[in-house]
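The sequence and structure come next.

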Amino acid sequence: MKIDKLIARIQLLPIEWVNSSNSDEEIYNLFISKKDQSYDSNCLYICTNSTLPKTFLKENLNFIYVSDSSVLPDFSHLPNSNIIHIKTKLSTEKIRLTISDILAKDNIMTSHMYRLIQVLHSNKGIHALIDEAYSVLQNPILLVDAGYKILASRQANVEKRPDLEEQTNQGYMNEQNIIAMKKARLYEKARESKYPYYSKQSSEHDAWITALVFVHGIESAHIAVMETNRKFTEEDFELIDFLCRLVSLELQKTDFYKTNASLKHSFFLSELLDNHMRDINTINQRIKSLNWKVTDFMYIMTITEQQADFFDRKAQLISKQLNQLLPHSRWVIYEGKIVFLLCLSDQSKTLFEENSSLQEFLKINDLNASISRCFSSFLDIRKYYEESLTAYDFGLKLSPNNQIFMYEDFICQHIGKILSKTYDLEDFYHSGIMQIKKYDKEHKTNLLETLKEYLKYPDNPSAASKNLFIHKNTLFYRMSKIKELFPIDLSDGEDRLKMHLTLKFMELE
């Protein structure tokens, strides 16, 4: 056991590090110091003033000096030793018993870890690993993926919780339990602590430890252990943290994360993206042979990592998680990105705007999704893939705090970018907008931003004023001032269009 960890677990106060030469050194034995004793490294010695040896060997030593006085002996001749002072009137024997108990528990935990490692090396699979964890922790344990599918579980019958058995039979977590977990923000708190998180709701009898499993840096699964058969100990948290790492290794070496059925699907989608297949009959035959479920409402979604270090295994993990959130989708690793073909039941954008699980997954893993407009022909896939790339470029510049970028939100800016290659965009600006911009700069006002929000929500002044953080009456006052001072006609649709385009083009400056 590392000496700093040991000292952190001693509940005697105050404890002071007099000298820390190598605080993560492993301690294997514990002794009460005696005058006629030889001293070895990797042992911890308990000394008082009366048992403090007059001379020490030159090698590194670890010892606790027990005294109820703040005055300490001179330890300057031991620069390479770990020396801890415990200010207490307790006997060295009492301290020895306390530390011995800590070391004994650590030895038991080490043996438990060894048992788990043995199961991992046996290649018996994830269920065997969770079964062994149950026998070690002696409490119900559940392993689920990001889509709340139960990968493995082990539990005895829990009184008053028939839902747990129902979950196991269904293979997915109960919807009410998912809602309760989200309400309690269990996963968020586990992420913040970066360690197994203990929770017990005041209205509930159950207590849980929640822990996260990462594979290649991607949050891929969650472990939950219920405090039922026995109370959790400090060692349990360390064991569960260790179990997370073993589960990660097990998931990496199994076929669990191999997705997309076979390379045939990826190869076909890659051909479509390359624009190599131009015969619709051939395309339809391939779709039929691959048993793709297609609709008239298709989108291209490109997943991009800002660090741009995707590699095949990591991309497979991301795709596996997203496949659970986006049913009937196909994906391919293409040009350093993950490209999804989504086939939806309609062309509403609710899947992207209201799917909190999608938003959360992207945010957790520092990813962005850029999405094309809706299309219906497989011959157009390349064009809509390029739309998704355009959406990413504009989104990163104009909406960097968002996780999802829709091409539809940036069409005007895209038109402006294309025009700017041949013309000076200012030649197309509305004169009234230019005057308002100049006025704002000279008078330190915010009229242009007010007009922008008003044009965005022409029939909903409440939404415009909310976005501006002003009262609705203030919005009306500012708009009256704009109409009075500048040559704009908000009742003219053509004029409004020119103003709106000008504001969009100005975002490219």
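At 17% relative accessibility, Y439 counts as buried (buried is under 20% relative accessible area, exposed over 50%, partly exposed in between, with a 1.4 Å probe and protein chains only). The model is predicted, with local features needing pLDDT of at least 70 and side-chain atom pairs counting only at pLDDT 80 or more, while totals for chains, interfaces and linings use all residues. Residues are numbered from 1 along each chain as its sequence is written, and side-chain values use heavy atoms, leaving out hydrogens and water.

Y439 is one of the buried residues of α15, along with G432, I433, I436 and D440. They lie on the same side of α15 because they cover an arc of only 120° around the axis (the arc is that of the directions from the helix axis to the C-beta atoms). The face turned away from this buried side carries the exposed residues K438, K441 and E442. The buried residues pack against α16 (447–456), α18 (472–485) and α19 (493–506), where contact means heavy atoms within 4.5 Å.

Helix α15 (431–443) has 13 residues and spans 18 Å from its first C-alpha to its last, close to the 18 Å expected at 1.5 Å a residue; the expected span is 1.5 Å times one less than the number of residues. Helices (H or I, at least four residues) and strands (E, at least two) are DSSP runs, numbered from the N terminus. Just after α15, K444 takes a positive phi of about 55°.

The structure holds eleven aromatic pairs. Rings of Phe, Tyr and Trp (its six-membered ring) pair if their centres lie within 6.5 Å; planes under 30 degrees apart count as stacked, over 60 as edge-to-face and the rest as tilted. Two of the pairs are tabulated.

| Pair | Centre to centre | Angle between planes | Class |
|---|---|---|---|
| F375 and Y384 | 4.6 Å | 10° | stacked |
| Y439 and F486 | 5.5 Å | 80° | edge-to-face |

F486 is buried at 8% relative accessible area, F375 at 4% and Y384 at 10%. Y198, F232 and F237 form one aromatic cluster.

The structure holds zero disulfides, a disulfide being a pair of cysteine sulfur atoms within 2.5 Å. For C374, the closest cysteine sulfur, in C343, is 9.9 Å away, too far for a bond.
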